[in-house]
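Visitor: I'd like to learn how to read a fold from its coordinates. Could you walk me through it, feature by feature?

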Amino acid sequence: MGASAFTVYSQAKSYLHSVKAGDPISDVDAKAINLAESTKTLINRLNLPWVAPFTKLAGVNFSPIQPEITAAIKASPYLLGVEKPRSFLIAFQNSAEARGTGGILGAFAIVKFDKGAMTVVKTGSNAILQSLEEIPIKMPKEYTDLYRSDPAIWQNSNISPHFPYGANIWQALWKNQTGEQLDGVIAIDPTTISHILNSTKPIAMKNGVTITADNVVQLTLKDAYKTYEKDNDARKQFLVDIMNNVFTQFTTQGFSKISMAHGIKDSIRENRILIYSNSDSYETYLAKTRLGGYLHEEPNNEYRVVIQNIDASKMDYYLQKKVSLTCDKSSASVNITTTNTVDATAAHDLPAYVLTRADKTAPKNKISGQHRFKIFIYGPTNSQVISGTRSNNAGAPGGVATERSRKIVVFDTDLQPGQSENFTATFTKGPGKLTFIDQPLVITTDIKVSGGC
C-alpha cells in the first residue's frame with residue numbers, strides 16, 4: 001500500500017515538473033495517463049473492505065469520485081495550458097432561477113492557464129454580456145423545436161441539461177461580443193462556493209459582511225435581493241466581489257488542501273462542477289464522467305427531473321422537490337413521480353425582483369410568491385413513454401418531446417406558496433441499473449428508489 005502511495009506521489013511530482021517546464025505535449029500526456037492509472041489503482045486499493053474503515057477515518061476516501069479524478073488528470077494537459085495558454089469561461093450559475101444544468105449565468109470570469117499557472121483575466125456580472133436574437137451556432141432540429149431561440153440569451157444558453165450545448169453557445173456568444181475564441185467552459189454555483197469556503201478563511205467584504213461556508217448561499221441567493229432591493233447593479237457587483245475574493249484565496253493557496261479536496265468531492269457528487277473542453281480528444285475523458293454533464297445517448301436506465309423557470313423569478317430558492325422511482329420488472333417499466341412544493345415562507349416580505357412574473361400568461365389573480373415553471377421528466381435512451389399524469393386534473397396532462405434519443409414528458413405548472421402538485425411519467429425501462437441524475441438546485445432533492453432494478 002505504501003509503495004503505491006509513494007508511486008503516485010513520485011509520478012505527481014514528475015508530472016507537475018513537466019507541466020511547469022513546458023515539456024513536449026506527448027511526454028506530458030504520457031505522464032498524465034500513467035499518473036491517472038496509478039491514482040485509480042491507489043483509490044481502489046484504499047476502498048478494499050479491510051482498508052476502507054481506516055481510509056474513512058483518515059478522511060481520504062475519494063472512491064465516490066474516482067472516475068472524475070482519473071478523467072481530470074488525463075485531461076489536465078489541455079486544461080492547464082501545457083501546449084499553449086488556454087482561456088476558459090467560468091460560469092457562476094444562480095440556482096434561484098433554474099435552468100437545465102442548474103441555474104442562470106449570474107456572474108462570470110475569464111481565466112487563463114499557462115503551464116499550470118492561473119491568471120484571472122476578467123470578471124463581471126451578466127449585465128455586461130450581450131445576447132442575440134438567434135442562437136449563434138447551428139443546433140440539432142430537435143433542440144430548436146424544444147427550446148426555440150431562447151438560448152440565444154446568455155441566461156438561457158444552458159436551458160438543456162446537456163452541458164456541452166450550453167458551453168458551446170456561451171463560447172459563441174462570447175466570441176460574437178469580443179472576437180475571442182475560448183478553449184472551454186467551467187460551471188459552478190453558490191453551493192460549490194460554500195464547499196470551497198469550508199477550506200478557506202472567511203471572506204471579509206468591504207461592506208462589513210463576512211462570507212462563510214454557512215451563509216454564502218443564503219446571502220447570494222436570498223438576502224442580497226432584499227439588501228440591494230433598489231440597486232440591482234450593486235447586488236450583481238456584490239456577487240462579483242465575492243467571486244473575486246474566492247479567486248484570491250485560490251490563487252494565493254490560502255486554503256487547506258485536504259478540505260478543498262473534500263469540498264470538490266461534494267460538489268462533483270451533486271453535479272455542481274461541470275467542465276467542457278474544445279479538444280475532442282481531451283473532452284472524451286470528461287464526457288464519460290459527471291464532470292462532462294452529458295445527456296448520454298448510449299443505452300441506459302437513467303432518469304432525470306429538470307425544472308425550467310419560465311417566469312424569470314428567483315423563486316427556485318424556495319422550491320422543494322421530491323422524486324420517487326419505482327421499477328416494475330413484470331412490465332419492464334419504470335414509474336417516476338416528482339412532487340414539487342413552493343415553501344410557504346415564500347409568500348412573505350419578498351422584493352418585487354424575486355417575485356417577477358415575466359411570463360406572458362401570468363394569471364391576473366396571482367398571489368404573492370406564486371411561481372410558474374415547467375417540469376421535464378426524462379426517460380432512458382430509446383425508451384418509450386407509457387403514460388404521463390398530474391394530480392391537478394385541471395392542468396394539461398403534459399406533452400412529449402425528444403432530446404438526444406431521450407423521451408421527455410413535459411408539464412407546465414403554476415404553484416402558490418405552500419401548494420404542491422405531483423407529476424408522474426412511466427417509461428419502458430432501459431438496460432442496466434436504475435439511476436437518477438439530479439439537477440443541482442438550492443434545496444437538495446429527496447430521492448427514493450424502489451423495485452429492485
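Visitor: How are H2 and H4 oriented to each other: roughly parallel or roughly antiparallel?

Guide: Keep in mind that this is a predicted model. The general idea is that two packed helices are described by the angle between their axes and the distance between the axes. Here helix H2 (residues 25-46) and helix H4 (residues 66-79) pack at about 170 degrees, and their axes are 7 Å apart. An angle over 145 degrees counts as roughly antiparallel, so that is the label for H2 and H4.

Visitor: Which residues of H4 does H2 meet?

Guide: On the H4 side you'll find Gln 66, Ile 69, Thr 70, Ile 73, Lys 74 and Pro 77. The H2 residues that meet them include Ile 25, Val 28, Ala 32, Leu 35, Glu 37 and Ile 43. Sorted by class, the contact between H2 and H4 has 10 nonpolar, four polar and four charged residues.

Visitor: Let me zoom in on Glu 37. What does Glu 37 touch, beyond residues up to four places away in sequence?

Guide: Thr 70 and Lys 74. Glu 37 belongs to helix H2, and between its C-alpha and that of Lys 74 there are 9.1 Å, with 37 residues separating the two along the chain. Its relative accessible area is 33%, so Glu 37 is partly exposed.

Visitor: Now the whole protein. How many helices and strands are there?

Guide: The protein has 11 helices and 17 strands. For overall dimensions, look at the box along the principal axes: the C-alpha atoms fill roughly 65 × 60 × 45 Å. Then try the radius of gyration: for 453 residues a compact globule would be near 22 Å, and the protein agrees, at 22 Å.

Visitor: What share of the residues is buried?

Guide: Of the 453 residues, 50% count as buried. Sequence separation is worth a look too: among contacts with a separation of 6 or more, 70% are between residues 24 or more positions apart.

Visitor: Which residues touch the most other members of the largest nonpolar core?

Guide: Phe 92, Ile 211, Ile 336 and Ile 377, out of 74 residues in that core. Helix H9 (residues 232-251) gives the largest share of this core, seven residues. Apart from it lies another core, with 35 residues, including Ile 159, Ile 169, Leu 274 and Tyr 294.

Visitor: And what is Ile 377 in contact with, leaving aside neighbours within four places in sequence?

Guide: Its partners include Ile 336, Val 305, Ile 408, Val 409, Phe 411, Phe 423 and Phe 427. Arg 304, Thr 338 and Lys 407 are also among them.

Visitor: Next, backbone torsions. Which residue has a positive phi of about 70 degrees although it is not a glycine?

Guide: First the background: most residues other than glycine have a negative phi. Ala 312 is the one with about 70 degrees, and Asn 382 also has a positive value, near 65 degrees. Ala 312 sits in the loop between strand S8 (302-309) and strand S9 (319-328), while Asn 382 is in the loop between strand S11 (371-381) and strand S12 (385-390). Ala 312 counts as partly exposed at 27% relative accessibility, whereas Asn 382, at 56%, counts as exposed.

Visitor: What about prolines: is Pro 417 buried or exposed?

Guide: The cut-off for buried is under 20% relative accessible area, and Pro 417 has 17%, so it is buried. Its place is the loop between strand S14 (406-415) and strand S15 (420-428). Not counting residues up to four places away in sequence, Pro 417 touches Val 342, Ala 344, Ile 367 and Gln 370, among others.

Visitor: Where is Pro 190 found?

Guide: In helix H7 (residues 190-197). Pro 190 counts as buried, at 12% relative accessibility. Beyond neighbours within four places in sequence, its contacts are Gln 93, Ser 95, Val 216, Val 217, Thr 220 and Leu 221.

Visitor: One last stop: which residues does Ile 186 touch, not counting those up to four places away in sequence?

Guide: Phe 88, Leu 89, Ile 90, Ala 91, Leu 274 and Ile 275. Ile 186 lies in strand S4 (residues 184-188) and counts as buried, at 18% relative accessibility.

Terms used: Residues are numbered from 1 along each chain as its sequence is written. This is a predicted model: local features need pLDDT of at least 70, side-chain atom pairs count only at pLDDT 80 or more; totals for chains, interfaces and linings use all residues. Side-chain values use heavy atoms; hydrogens and water are left out. Axes are lines fitted to C-alpha atoms, for helices over the stretch in contact, and angles run from 0 to 180 degrees between N-to-C directions. Helices (H or I, at least four residues) and strands (E, at least two) are DSSP runs, numbered from the N terminus. Angles under 35 degrees count as roughly parallel, over 145 as roughly antiparallel, 65 to 115 as roughly perpendicular and the rest as oblique. Contact means heavy atoms within 4.5 Å. Ala, Val, Leu, Ile, Met, Phe, Trp, Tyr, Cys and Pro count as nonpolar, Asp, Glu, Lys and Arg as charged, and the others, Gly among them, as polar. A nonpolar core is a set of buried Ala, Val, Leu, Ile, Met, Phe, Trp, Tyr and Cys residues joined through side-chain atoms within 4.5 Å. Buried means under 20% relative accessible area, exposed over 50%, partly exposed in between (1.4 Å probe, protein chains only). The radius of gyration is taken over C-alpha atoms; the globule rule is 2.2 Å times the number of residues to the power 0.38.
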